[in-house]
Amino acid sequence: MPKQGTEPMALTALKVKNAKPGRHVDGRGLCLLVKPSGARTWLLRMQRHGKRRDYGLGSALDVSLAEARDAAAALRRQVREGADPVAERRKARKVMPSFETAARDCYEALKEGWKNRRHANWISSLENHVFPMVGTRPVDQVDSAAVVEVLSPIWLTIPDTARRILQRIGAVLDFAHIKGWLADEVSLRSVRKGLPRQVDKGGHLEAMPYADVPALMQKLAAASPTTGRDALRFTIYNAVRSNETRFAVWTEFDLDKAIWTIPGERMKAGETHVVPLSAPAVALLRKRWKERTSDTGLVFSNDGKKPISDMTMTKLLRDDGIKGVTVHGFRSAFTDWSSERTRFPKEVADKALAHKLPNKVEAAYRRTDFFEKRRNLMARWAEYLDRKGKDAAATASEPIPLRAAA
């Protein structure tokens, strides 16, 4: 006789073996479902939060009656403790992508909505600084501690890039939550608490004195040629931003006319910028053209598809023992040289740098882009850069001939 208050366990091993098609109740919600095909499956019927649910316990060919009763008891215990066995099973079956896979999916999903194509370096910054450290980890295992680990090496050395990477990691984790890979949203607010305070330097970027730039250019030209060295020389020749060089493609250049047309979506001001190329800059491009892998791909790339890292040019300076100086700072060196060593008007140099006039009224009336004057200015800059180090230092106080300002 069964104990009072309990249901009799109706099934036996023999009954399980010989059961006809239909539902055969064992007790306390456990039953054997036999299909007309003869397939036998264990089911446990329970109520959770007022809703009746059936939980599969496996085939009777693989799970014995005793094992089915043990599994049913374990499931009842889980439900009493507040667990959701179905959700747990779904989670166990779900394939969790790596952080790199999630990041690339996020990039593909979002990039078409970006108006400014300068954000093409969004994924390259992760490739250079994040994927090598946590790219292979499941995305649900990239938490605040992991992000601190990623950012620590670059937080003070390249603070602007580090802050952008922090934002991009946050975007990837938000995307993972929306996709259902993360059960909860991940807050990265605590990350900055685990990193040293970044000192605000007032927005000024360290620049090399213009008198020292020719000697650097001589070193770069004399060293073994690399994509990074070519990119740095080209950036200095044209006084452009590093991203404008890194993402330059062959279709932007007319080498016969010595013109580089940078589309507005790649410019900080959002306006097309036409750069008059000096003879040395054209010669550098013709050399790279002979070694190209694509007629339409990236100019400063080893395969025409993947741009060089945003740290490649900076690393060349650091390897040469030049501390603190930034690639962007060579634009300041150009400005100082133009102001102190030439008679070109300031607005010509500003236009060469693609600076946007802060005065909207003045900008509306100034229609000229000073192209011919800029061509002359950039030719003089290239001549200055290509002087031998000692010659450049010796003539640092000599004015540029008046013809240069024509």
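Analyst: A residue counts as lining a cavity if it has an atom within 4 Å of a cavity point, and a cavity is a set of points where a 1.4 Å probe fits but cannot get out. The model discussed here is predicted.

User: Which residues line the largest cavity?

Analyst: The lining of the largest cavity consists of Asn238, His273, Val275, Pro276, Ala352, Arg374 and Met378. Two elements, strand S7 (273–276) and H17, each give two or more residues to this lining. S7 supplies the largest share, three residues. The space in the largest cavity is about 30 Å³, and the structure holds one cavity of 30 Å³ or more.

User: What span does helix H17 have, and what is expected?

Analyst: Helix H17 comprises residues 371–385, 15 residues in total, and reaches 21 Å from its first C-alpha to its last. The expected value at 1.5 Å a residue is 21 Å, and the span is close to it. Among the buried residues of H17 are Arg374 and Met378, both of which also line the largest cavity.

User: Why is Ala183 called exposed?

Analyst: Ala183 has 71% relative accessibility, and exposed means over 50%, so Ala183 counts as exposed. Ala183 lies in the loop between helix H8 (159–178) and helix H9 (213–222). Asp140 is 43 residues from Ala183 in sequence, yet their C-alpha atoms are 8.8 Å apart in space.

User: The structure holds 15 aromatic pairs. What makes the pair of Phe234 and Phe253 edge-to-face?

Analyst: The ring centres of Phe234 and Phe253 are 6.1 Å apart, with 70° between the planes.

User: How do you know that the charged end of Arg292 sits over the ring of Trp289?

Analyst: The charged end of Arg292 is 3.6 Å from the centre of the Trp289 ring. The distance criterion is within 6 Å, and the charge must also be within 35 degrees of the ring normal. Arg292 is listed as sitting over this ring.

Note on methods:
Residues are numbered from 1 along each chain as its sequence is written. This is a predicted model: local features need pLDDT of at least 70, side-chain atom pairs count only at pLDDT 80 or more; totals for chains, interfaces and linings use all residues. Side-chain values use heavy atoms; hydrogens and water are left out. Helices (H or I, at least four residues) and strands (E, at least two) are DSSP runs, numbered from the N terminus. The expected span of a helix is 1.5 Å times one less than its number of residues. Buried means under 20% relative accessible area, exposed over 50%, partly exposed in between (1.4 Å probe, protein chains only). On a 1 Å grid over the protein atoms alone, a cavity is a set of points where a 1.4 Å probe fits but cannot get out, and a pocket is an open set with protein on both sides within 12 Å along at least five of seven lines; lining residues have an atom within 4 Å of a point. Grid points are joined across faces, edges and corners, and a volume is the space filled by probe spheres set on the points. Rings of Phe, Tyr and Trp (its six-membered ring) pair if their centres lie within 6.5 Å; planes under 30 degrees apart count as stacked, over 60 as edge-to-face and the rest as tilted.
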